[in-house]
Amino acid sequence: MIPAFTSHLPLRSSATSSSLVLTYKALRRSRHGGFLVSRPCSFSIRAVSDGGGPPAVSTVKISYTELKDPGANILDKIERGFGSDGLGILSVSDVPGYAFLRKNLLRLAPRVANLDEKVKKELEDPDSRYNFGWSHGKEMLEFGKPDILKGSFYANPVHDNPTTDLSLIKRYPSYCGPNIWPHSALPELELAFKQLGKLILDVGVLLAHHCDRYTSNRLKVDGGSSLQEILLQSRCHKGRLLYYFPVQSCNTGSDETKSSWCGWHTDHGSLTGLTCAIYMKDGVEVSCFDPTAGLYVKTRSGQIVKVTYGADEIAYQIGETTEILSRGQLCATPHCVQAPRSEASSGVERSTFALFMQPDWDEKLFFPETINIHEFMVPNGYLTFGEYSTKVLAKYYGDTA
């Protein structure tokens, strides 16, 4: 395998600028005449602070105006963000109405987490592996440890009842079950959740069209469905409002794992929409005091980089399902979230939202002979998305299916 990053260019600094820019010479893979060839490309990694913060990569950015144009010349941006040498993530800017809807929902996350314990118990759904309603400490991530550092509220922003077929609800409870809303305890949550989730989905569908343009095989699966068609037809989309509990003690040692707030994982759906997080302390919104905190991505070469995007931008990450269906042309990457570690960050909480856009439960995933990262693949065979995701969820929730 050709490594994604082959050489370092010299670190450059300017007398008039305190930021440092490090440029990597990368190899972009492409097929030519049946052989794997490479050509150089580059992107910049910029220090996030003058105080020795970690290098951080800004996402490839597409404007909403560009995205709305079906024939826009943005396929190079799709390749740089989602291609084999990309970070598996890009962002969309200037989406009308997004800034308000983001803050409107994220400010509710601490209120969900601080509901009465009896109310939160009523919002739990063990049958769905806690994939509807409230979930805390149920998910197993790295080293088999329960994830107690964050709480989540899950719901389908499009369908309150994806199906009435009881056999499907029993077979795929994580997708086919009904939403559970705190109508009495927090009635404003439902509308705020659905409004933001539907907007992120609508923008994601526009992005999917350009992903389809980029992939040469149009993601042909079981009748030739494109990524855009898969997302439009699906009843499986799932929103997740996340609340990261306040950091109570800070360890500034350099050996602390980068996955201290959310363990390393790769999304298994088609496309994940992400908001930029809001940080709060004592009920007041604050800037994050620690430049090392935030989202980290592991590249194809194994390098770990911090990823940044604007507060009013929606980030989109490729999931494993799209990598499978695109035969590796669109690439998913492992990622994690690091908590603040500075003393000033003690008591800081984090709220964010993710929308997992994914195929319907009966969509067939045809596996190629080989693919990079999928432990549940069936070489030259297929699983439905429901079957595939059941295996993935069993891994993360410590049970078998």
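**Close-up views of a predicted model**

**View 1. The whole chain, and who touches whom.** Among contacts in the protein chain with a separation of 6 or more, 72% are between residues 24 or more positions apart. Keep in mind that this is a predicted model.

**View 2. Two rings, F153 and F193.** Searching the whole structure turns up six aromatic pairs. Here's one of them: the ring centres of F153 and F193 sit 6.0 Å apart with planes at 75°, so this pair is edge-to-face. F153 belongs to strand β9 and F193 to helix α8, so the pair ties together parts 40 residues apart in sequence. F153 is buried, at 1% relative accessible area.

**View 3. F193 again, now with F353.** F193 is buried too, with a relative accessible area of 0%. With F353 it makes an edge-to-face pair, 5.2 Å centre to centre and 90° between the planes. F353 lies in strand β19 (residues 349–357) and F193 in helix α8, so this pair links parts 160 residues apart in sequence. F353 is buried as well, at 0%. Zoom out a bit and ring pairs join F153, W181, F193 and F353 into a cluster.

**View 4. The cavity.** Among the lining residues are S135, H136, D147 and R240. The lining has no nonpolar residues, four polar and five charged.

Terms used: Residues numbered from 1 in each chain as written. Predicted model: local features only at pLDDT ≥ 70, side-chain atom pairs only at ≥ 80, totals over all residues. Heavy atoms only, no water. 1 Å grid on protein atoms, 1.4 Å probe; cavity = no way out; pocket = protein on both sides within 12 Å on 5 of 7 lines; lining within 4 Å. Nonpolar A, V, L, I, M, F, W, Y, C, P; charged D, E, K, R; others polar. Contact = heavy atoms within 4.5 Å. Phe/Tyr/Trp six-rings, centres within 6.5 Å; stacked < 30°, edge-to-face > 60°. Helix = DSSP H or I, 4+ residues; strand = E, 2+ residues; numbered from the N terminus. Buried < 20%, exposed > 50% of the residue type's maximum accessible area, 1.4 Å probe, protein only.
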